[in-house]
Amino acid sequence: MDDGRSNKNRVTVATALVRAFKANGTRRMFGVPGGGSSLDLIEAARLAGIDFVLARHECAAMFMAAATAELDGSLGVALTTKGPGTANAANGAAHASLDRCAVALVTDGFSPQVQSYVTHQWFDQRALLAPLVKAHSLLAKGDIGAQIERLLAAARTPRRGPVHIELTGPAARARIAARRHRKFAPTIAAAGASAIDRARAMIAGAKRPVVVAGLEARDTGVAGLVRKLVAALGCPALVTYKAKGVVADAAPQYAGIFTGGLAEQATVKQADLIVLIGVDPVELILQPWPYAIPVLDIGYTRHPVHYVKPAHGVYGDLRRSVAAIRPSGAGRGWRRTEIRKLRDQTQGSLAYTGSGTGLTPQQVVEAAALAARGLARWPRATVDAGAHMFSATAFWPCVRPNDLLISNGLATMGFALPAAIASALHDPRRHTIAFTGDGGLLMCLGELATAVQSRARIVVVVFNDGSLSLIDIKQQQRKLPVSGMRWDRPDFAAAMRGLGYRAHSPAGYRRALAQAFAGKGPALIDVVVDPSGYGAQLAAMRG
Ligand SMILES: Cc1ncc(C[n+]2csc(CCOP(=O)(O)OP(=O)(O)O)c2C)c(N)n1
């Protein structure tokens with residue numbers, strides 16, 4: 001804190017903080033500001049060359065920060081005011097926590113002096129966010145520079161997650177000694193040689209191994225090694241939703257998505273060893289582990305709560321672990337044709353026939369993929385929570401890691417649009433297509449204005465079924481009367497007047513896609529979909 005020494009070589013806490021962000025790769029911050037520390041941070045960021053993107057809701061700002069951290073491996077940053085802004089950000093903090101995204105959430109706070117007489121907007125912000133964040137600081141006392149480094153290290157060390165900085169205006173403006181912040185690189189010890197040897201022996205002894213790649217396998221340097229491993233083993237590779245693209249959909253080994261449900265069981269039940277690479281148990285659905293097959297678990301750390309007790313675990317620097325497992329013989333028990341058949345069978349089980357009255361969700365995704373073929377770069381997809389998610393994840397092909405962004409650990413609605421905006425800002429020359437239900441879009445509709453203002457190159461495709469379908473079908477499965485699930489289909493295209501195209505027919509949808517991809521800014525296609533096949537699809541996916 002300010003000890004009265006000369007101001008030479010001294011900077012405000014706000015400046016020190018944004019410099020540390022910048023050293024950790026931050027290029028833009030997202031948020032909805034308040035009148036206290038937010039203003040100091042925005043100005044310090046401007047001077048440091050970090051853009052501030054004004055979101056319309058703090059939760060969306062957190063989703064944008066989290067998506068940015070996933071895409072460029074940097075530190076995502078969001079800022080909010082105190083009280084309502086902090087409370088609004090809480091669901092975003094839950095997403096960053098359960099989807100393992102390195103994010104600094106800087107909220108305004110109340111100084112002890114103000115707290116002595118104020119109750120307006122006050123609640124214990126630290127306590128609200130405590131279960132969601134890895135670390136917290138007021139940055140008000142002690143060695144502030146060291147605290148900043150500790151916070152950023154906590155956010156960026158696997159399992160990555162959010163940290164909470166509760167910064168009052170006076171604390172942001174206090175002066176501290178300037179220091180050089182460096183990019184934090186987590187030091188993760190390599191797994192022991194004997195653990196690696198045993199893993200190698202298990203793989204060599206397996207005739208029909210199957211590899212399941214999870215969210216940690218997206219990390220730089222890891223995905224390429226996973227691809228080499230499955231190619232050398234010639235075995236089926238499944239990916240979690242977040243790991244789509246770690247093994248490309250077009251790869252001969254690609255066998256589909258792994259959720260812990262039913263759809264993948266045809267493949268996995270034929271294996272004699274399940275090799276989990278970077279799978280975080282948060283990625284799997286609420287069902288017990290269905291296999292009695294031995295599991296080899298390779299990851300950064302052992303997860304204390306897991307669906308399965310692995311026969312063997314290799315924990316440490318993931319890249320080095322996967323690199324060290326050089327298989328000597330291929331998984332002799334698998335034939336390529338067999339893997340292709342299993343993949344087709346799994347995809348086939350998710351096929352969506354519908355009632356013939358409108359576009360099916362599968363058609364919506366496949367037509368978008370067809371229209372995207374003409375583009376110079378394959379678009380990134382973002383996907384919301386809901387029944388449309390099954391078709392979007394199964395039928396949208398991915399080439400590289402993070403070609404598809406999704407909230408899976410938290411599985412929150414209202415994610416796809418903000419994540420698409422972050423994706424477009426990260427990669428302005430590449431299109432992003434946001435697949436969302438009408439319910440999810442209604443939760444973050446204001447971010448369409450953010451998309452327009454930031455000229456984000458996004459195409460929002462709304463599966464407009466006038467219903468919270470995923471819950472609607474669960475209500476029907478329980479033979480309960482339909483109640484509390486449906487509304488009149490909103491006319492989103494009208495809401496997006498001047499940008500939107502409403503599509504009732506396959507031909508109308510194809511025309512809209514062509515126009516949307518040809519445009520430079522955001523576009524929205526409001527597709528009237530037939531929801532009649534969701535029940536069968538859910539049963540095929542999860543059992
Ligand atoms: C923030 C939030 N609220 C509620 C839920 C529970 N939920 C999961 S899917 C779903 C329905 C989503 O409806 P919609 O966005 O229209 O997509 P659809 O299921 O119709 O494809 C709900 C309510 C959730 N996951 N996240």
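A: A polar contact is a pair of N or O atoms within 3.5 Å; within protein, one must be able to donate a hydrogen and the other to accept it, and residues adjacent in sequence count only if both atoms are side-chain atoms. This is a predicted model, in which local features need pLDDT of at least 70, side-chain atom pairs count only at pLDDT 80 or more, and totals for chains, interfaces and linings use all residues. Residues are numbered from 1 along each chain as its sequence is written, and side-chain values use heavy atoms, without hydrogens and water.

Q: Which backbone atoms lie 2.9 Å or 3.0 Å from the ligand?

A: A backbone N or O atom of Ala-411 is 2.9 Å from a ligand nitrogen atom. For Leu-470, a backbone N or O atom lies 3.0 Å from an oxygen atom of the ligand.

Q: Is strand β13 buried or exposed?

A: Buried means under 20% relative accessible area, exposed over 50%, and partly exposed in between (1.4 Å probe, protein chains only). Strands (E, at least two residues) are DSSP runs, numbered from the N terminus, as are helices (H or I, at least four). Five of the five residues of β13 (residues 295-299) are buried, so the strand is largely enclosed by the rest of the structure.

Q: Which way do its residues point?

A: In a regular strand, side chains alternate between the two faces of the sheet. Here Val-295, Asp-297 and Gly-299 point one way from β13, and Leu-296 and Ile-298 the other way.
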